[in-house]
Amino acid sequence: MKAICVTPSRTLEVRDIPTPGEPAAGHVLVEMDASAINQGDKTFLRMPTAVGNPLALDRHEVWGASGAGRVIAVGAGVPADYAGKQVAVYRSLGRSAESVGLWCERAHVPCSACLILPDHVRARDYCGSLVNVMTAYAFLEEIAEAGHKGVIVTAGNSATGCAMASLARSRKLPAIFLVRTEAARRALIQSGVEHVLVTEEGFTDRLAALSAELATTAVFDGVGGDLLGKIAPSLPMNSTIYAYGFLGGAVPIAIPSVLFMMKNLTMRRFSNFESRTVKEQGRLVAALKTLESLIDDPLFVTRIGEEFRLDQIEQAMACEPSDGARAVLVAAPARRRSDVARRNDEQAA
Ligand SMILES: NC(=O)c1ccc[n+]([C@@H]2O[C@H](COP(=O)([O-])OP(=O)(O)OC[C@H]3O[C@@H](n4cnc5c(N)ncnc54)[C@H](OP(=O)(O)O)[C@@H]3O)[C@@H](O)[C@H]2O)c1
C-alpha cells in the first residue's frame with residue numbers, strides 16, 4: 001500500500017510498504033478515508049523534541065497523527081463495538097511495536113487510539129479532530145484536579161479552542177474565549193459560546209472584570225508571544241498559564257516578575273501525551289467513552305480546506321488554507337477548495 005514516510009533528513013516521501021493483514025491482539029485495522037494535516041504534524045517533523053523526547057515512529061516510519069476511516073478487522077480482546085465502525089484516530093493515544101500508520105491506505109493501531117463515531121456523521125469530518133478533542137478533554141481533567149473553577153482560552157477559534165468550548169459547556173465550567181477578529185467572535189457566539197472577547201484595544205479591562213467574576217484561574221494558551229504579556233495583569237489571583245501551543249511563533253513572552261508575586265502566578269506546559277487521561281489506560285478508555293456520546297457537536301468537526309491524494313504530499317504540506325481549515329489527505333481523488341467551501345457554506349446555511 002501507499003504510505004507517507006519520514007526520511008532521515010526529516011522530509012516526507014511516498015513509499016510502498018506491506019499492507020497490514022490480520023490485526024494483532026488489542027489492535028484494529030482501519031481503512032483510512034482521510035487524514036488532516038494538523039499543526040503538530042508540521043511542528044514535530046521540523047522539531048522532533050518539541051515536547052521533550054521525540055515521538056517514536058512505527059517500523060515503516062509512517063507519518064501522521066490523526067485521521068479517520070472504518071474498522072475492517074479487530075484483533076483478539078478488542079471490544080465488539082469497534083467492529084465495522086467508523087472511527088476517528090489519534091495515533092499518540094495508543095502506541096505499540098506493531099502499529100502502522102496513520103498517513104497510509106490501511107492503518108493498524110491499538111483500539112485505544114480510536115474513537116467510535118456515530119453512524120450519522122461523516123468520518124471525514126473528524127479526520128483531524130481527535131487530537132484536539134482529547135487535548136481539551138485531558139486539560140479539563142487536569143485543571144479540575146488542580147482545583148481550578150474556570151478557564152481562559154487564548155486561541156478561542158482554533159480547533160482546540162472550539163473543542164474546549166463544547167467540553168466546558170457540557171461541564172458547565174465558566175470559560176472566556178479570546179479571538180483576534182470580530183468574525184471569529186460572531187462565529188463562536190453563533191455556536192452558543194457565551195463569553196468571547198476580541199483582543200483589541202481595551203479588552204484587558206473587560207477581561208479583568210469577567211475573569212474576576214467567573215474565577216477563571218486556568219489559562220489554556222495556544223498562542224504565547226505578546227498576548228500573554230497583555231493578559232497577565234488581568235488574571236485573577238492564583239492563576240496558572242498552561243502553554244500548550246505556539247501559534248504566536250517565536251515571539252518572546254514578557255511578564256514583569258512582580259506579577260508572579262502579586263498574583264501567585266504560575267506558568268507551565270500542558271501536553272496531552274503527558275496527561276493522566278492519556279497515560280493511564282483506565283482514564284483513556286473512560287475519556288473515549290464519554291467523548292463518543294458528545295462527538296457529534298459541530299464544534300468538534302475538522303474544518304476541511306483543500307483535499308489531496310497521498311502522492312500529492314508536497315503540495316499538501318505547503319498548503320496553508322485560511323480560516324483555520326486543514327489540508328486533508330484523502331483516499332479518493334482531490335476536490336478543489338471551491339467545491340469544499342461551497343459544501344461548507346451549504347452546511348452552515
Ligand atoms: N500540547 C498539546 O497536547 C497540543 C495538542 C493539540 C494542538 N497543540 C498545539 O496547539 C496549537 C493550536 O492548534 P490547533 O490545531 O487548535 O490550531 P488551529 O485550529 O490550526 O488554529 C488556528 C487558528 O488559531 C487562530 N489564531 C489565534 N492566534 C493566532 C496566532 N497568533 N497565529 C496564528 N493563528 C492564531 C487563527 O484564527 P484567526 O486567524 O481567526 O485569528 C487560526 O485560524 C498549535 O500550536 C498546536 O501545535 C498542542
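Between which domains does the ligand lie? Both domain 1 (2-128 + 302-348) and domain 2 (131-274) give residues to the shell around the ligand, so the ligand lies between them. The views below show a predicted model, in which local features need pLDDT of at least 70, side-chain atom pairs count only at pLDDT 80 or more, and totals for chains, interfaces and linings use all residues. Residues are numbered from 1 along each chain as its sequence is written.

**View 1. The two domains of the protein chain.**
The domain assignment gives domain 1 (2-128 + 302-348) and domain 2 (131-274). Such bounds come from an automatic or database domain assignment. The C-alpha centres of domain 1 and domain 2 are 28 Å apart. Eleven residues of domain 1 are in contact with eight residues of domain 2. Contact means that the C-beta atoms of two residues, placed from the backbone, lie within 7 Å. On the side of domain 1 that touches domain 2 there are four nonpolar, seven polar and no charged residues. Here Ala, Val, Leu, Ile, Met, Phe, Trp, Tyr, Cys and Pro count as nonpolar, Asp, Glu, Lys and Arg as charged, and the others, Gly among them, as polar.

**View 2. The shell around the ligand.**
There are 26 residues around the ligand. A residue belongs here if its C-beta atom, placed from the backbone, lies within 6 Å of the molecule. Ser158, Ala159, Thr160, Gly245 and Gly324 come nearest. By class, the shell has nine nonpolar, 16 polar and one charged residues. Three helices each supply at least two shell residues: H1 (39-46), H2 (129-145) and H3 (159-171). Helices (H or I, at least four residues) and strands (E, at least two) are DSSP runs, numbered from the N terminus.

Strand S3 (residues 27-36) pairs with strand S4 (residues 66-74) in the antiparallel sense, over six bridges. Pairing requires that DSSP finds at least two bridges between two strands. Val28 has Val74 in S4 as its bridge partner. S4 also pairs with strand S5 (residues 86-90), again antiparallel, over five bridges. Opposite Arg70 stands Gln86 in S5.

**View 3. An open sheet of six strands.**
The order is S10-S9-S8-S11-S12-S13, with parallel pairing. S10 (195-198) and S13 (266-269) stand at the edges with a single partner strand each, so one side of each has no neighbour in the sheet. On average, neighbouring strands of this sheet are turned by 20° against each other, direction ignored. Strand S9 (residues 175-179) is joined to S10 by four bridges, and the two run parallel. Phe177 has Val196 in S10 as its bridge partner. Helix H4 (residues 182-190) lies across S9 and S10, at about 175° to S10. Axes are lines fitted to C-alpha atoms, for helices over the stretch in contact, and angles run from 0 to 180 degrees between N-to-C directions.

Leu45 is found in helix H1. Leu45 is partly exposed, with 15 other C-beta atoms within 10 Å. A residue is buried with 20 or more other C-beta atoms within 10 Å of its own, exposed with 12 or fewer, and partly exposed in between; C-beta atoms are placed from the backbone. Leaving out residues up to four places away in sequence, Leu45 touches Arg10 and Trp63. Lys2 lies in strand S1 (residues 2-6). Lys2 counts as partly exposed, with 18 C-beta neighbours inside 10 Å. Beyond four places in sequence, the contacts of Lys2 include Val14, Asp16 and Cys104.
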